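Dear colleague,

A summary of the findings comes after it.

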Amino acid sequence: CVVGSEKCSTELFVKEPPVLITCPLEDQLVMVGQRVEFECEVSEEGAQVKWLKDGVELTREETFKYRFKKDGQRHHLIINEATLEDAGRYALRTSGGQALAELIVQEKKLEVYQSIADLTVGSKDQAVFKCEVSDENVRGVWLKNGKELVPDGRIKVSHIGRVHRLTMDDVTPADEADYSFVPEGFACNLSAKLHFMEVKIDFVPRQEPPKIHLDCPGRVPDTIVVVAGNKLRLDVPISGDPAPTVIWQKTITKGNKVPAGPALNASGDSGASDEWVFDKKLLCETEGRVRVETTKDRSIFTVEGAEKEDEGVYVVTVQNPVGEDQVNLTVKVIDVPDAPAAPKISNVGEDSCTVRWEPPAYDGGQPVLGYILERKKKKSYRWMRLNFDLLRELSHEARCMIEGVVYEMRVYAVNAVGMSRPSPASQPFMPVGPPSEPSHLAVEDVSDTTVSLKWRPPERMGAGGLD
């Protein structure tokens, strides 16, 4: 700029604005052979980026292994079939920063959340074998005495998500056999037996007192177990002439919880101290989910969608003018465990931490077999599972985290019925390692009473910086 004899000048420098990471990479856990796709979004369309694995740039010459894709501001790195060697830390680097993610590759395993159970069914009843495995994409075959079952109008096979079912209508004695479910591609076999129960009622002469027939060969009417949400069906064969009246009742306690002690006898008396008072609730023909169907030779008590409150001792009484008979049936409802409390995080290091948790308050009526642990980055919505084999202990050392990234953890409890809801997330935490040692320590000056020292900062500060 010139004004008269005065002149001044300046310089203008122009450079490209830095390309920023607007949507980071997500950690991934896959099995061997599965497809992996990392996706990251940057601030500028068509920006030049670099993909790195464990700090080494992945070049275009390696397209036999990796595939790179651009879609506007989104960049993708694709591995079609992951191997154990592909595990590691991947990065997308731009002129303004980088995004990091961990890829964990594990051998292909199948976890059985719920195995098939033995069944005892009567003539013309329906039999349902059900199992749940960890991979919803797994298919399999059902076998009867080692031979593959072919579905027809009476026998149906279904696969919905992780659950596989074998349903047989109108069961006959020929259906009594060993049944197995074999997942394709895995060396495991889930087996159970179907017992056919044929109730034989002797000839009933005229004016015979009523009787409940539960003395089936090889089967004692002990505790009846039903999974929560399934139908509870109590099928009681009866006889008597004239045809007896059937009364269904459920024992309940007044005031307090039923104490652990002797079972109730037919009159509802537990034999316990007077502190515990038992009563009986009359179960009507139609009471919400409850249904009672009675014919001349049997009475069927049904509860739709069994719940924990349906547990207890059911008393069935048959009466006619000649006499009376009564039987107690103990019902236990099992379910998935309650969700554990939020896990606690301790011993946080550069890429690891210790996660601890407590057992769930209620185990669902079945022992807890183990736990499943998940983690996610604080700003992400995607949880990543950390184990395929159930964790038997109440703590786990989690590794392969990225220093300086904020994480959260949560845990599930698993029993023979299935997997609980997730626990609340842990308090957020950040893996941070200590800095490296200072270098070049030297004496700079010495006086009569002092020594002056000097040193250089550590080469590695760590995500926590230097205080």
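The following paragraphs set out what was found, from the whole chain to individual side-chain pairs.

Please note that this is a predicted model. The protein chain has 38 strands and zero helices. Of its 467 residues, 37% count as buried. The accessible surface comes to about 27000 Å², and carbon and sulfur atoms account for 50% of that area. Among contacts between residues at least 6 apart in sequence, 64% join residues at least 24 apart.

As to annotation, the unreviewed UniProt entry assigns "domain: Fibronectin type-III" to residues 339-435 and 437-467. In the model, the span 437-467 is 45% strand and 0% helix, and its end C-alpha atoms lie 14 Å apart. A nonpolar surface patch is formed by Leu 441, Val 443, Val 446, Val 451, Leu 453 and Trp 455, which together have about 650 Å² of accessible area. Strands β37 (439-446) and β38 (451-456) each give two or more residues to this patch. Leu 453, found in strand β38, counts as partly exposed because its relative accessibility is 46%.

Asp 178 stands opposite Lys 193 of β20.

The whole structure contains 26 salt bridges. One of them joins the side chains of Asp 235 and Arg 298, at 2.6 Å from N to O. Asp 235 belongs to strand β23 (residues 232-239) and Arg 298 to strand β28 (residues 298-303), so this pair ties together parts that are 63 residues apart in sequence. Asp 235 is partly exposed, with a relative accessible area of 22%, and Arg 298 is likewise partly exposed, at 27%. Both residues take part in a network of salt bridges that also links Asp 125 and Arg 233.

A further salt bridge connects Asp 310 and Arg 289 (3.1 Å, N to O). Asp 310 lies in the loop between β28 and β29 (312-320), and Arg 289 in the loop between β26 (286-287) and β27 (290-294), 21 residues apart. Asp 310 counts as buried at 9% relative accessibility, whereas Arg 289 is partly exposed at 30%.

Finally, Arg 399 and Glu 397 meet in a salt bridge of 2.7 Å, N to O. Arg 399 is partly exposed at 47% relative accessibility, as is Glu 397 at 43%.

With kind regards

Methods. Residues are numbered from 1 along each chain as its sequence is written. This is a predicted model: local features need pLDDT of at least 70, side-chain atom pairs count only at pLDDT 80 or more; totals for chains, interfaces and linings use all residues. Side-chain values use heavy atoms; hydrogens and water are left out. UniProt positions are given in the numbering used here, feature names are shortened, and annotations may be inferred rather than shown by experiment. Helices (H or I, at least four residues) and strands (E, at least two) are DSSP runs, numbered from the N terminus. Buried means under 20% relative accessible area, exposed over 50%, partly exposed in between (1.4 Å probe, protein chains only). Contact means heavy atoms within 4.5 Å. Accessible areas come from the Shrake-Rupley method with a 1.4 Å probe; for residues, only the protein chains shown count as cover. Patches are made of residues with over 30% relative accessible area and no salt bridge: like charges are joined within 9 Å, nonpolar side chains (Val, Leu, Ile, Met, Phe, Trp, Tyr) within 5 Å. A salt bridge is a side-chain nitrogen of Lys or Arg within 4 Å of a carboxyl oxygen of Asp or Glu. Two strands pair if DSSP finds at least two bridges between them.
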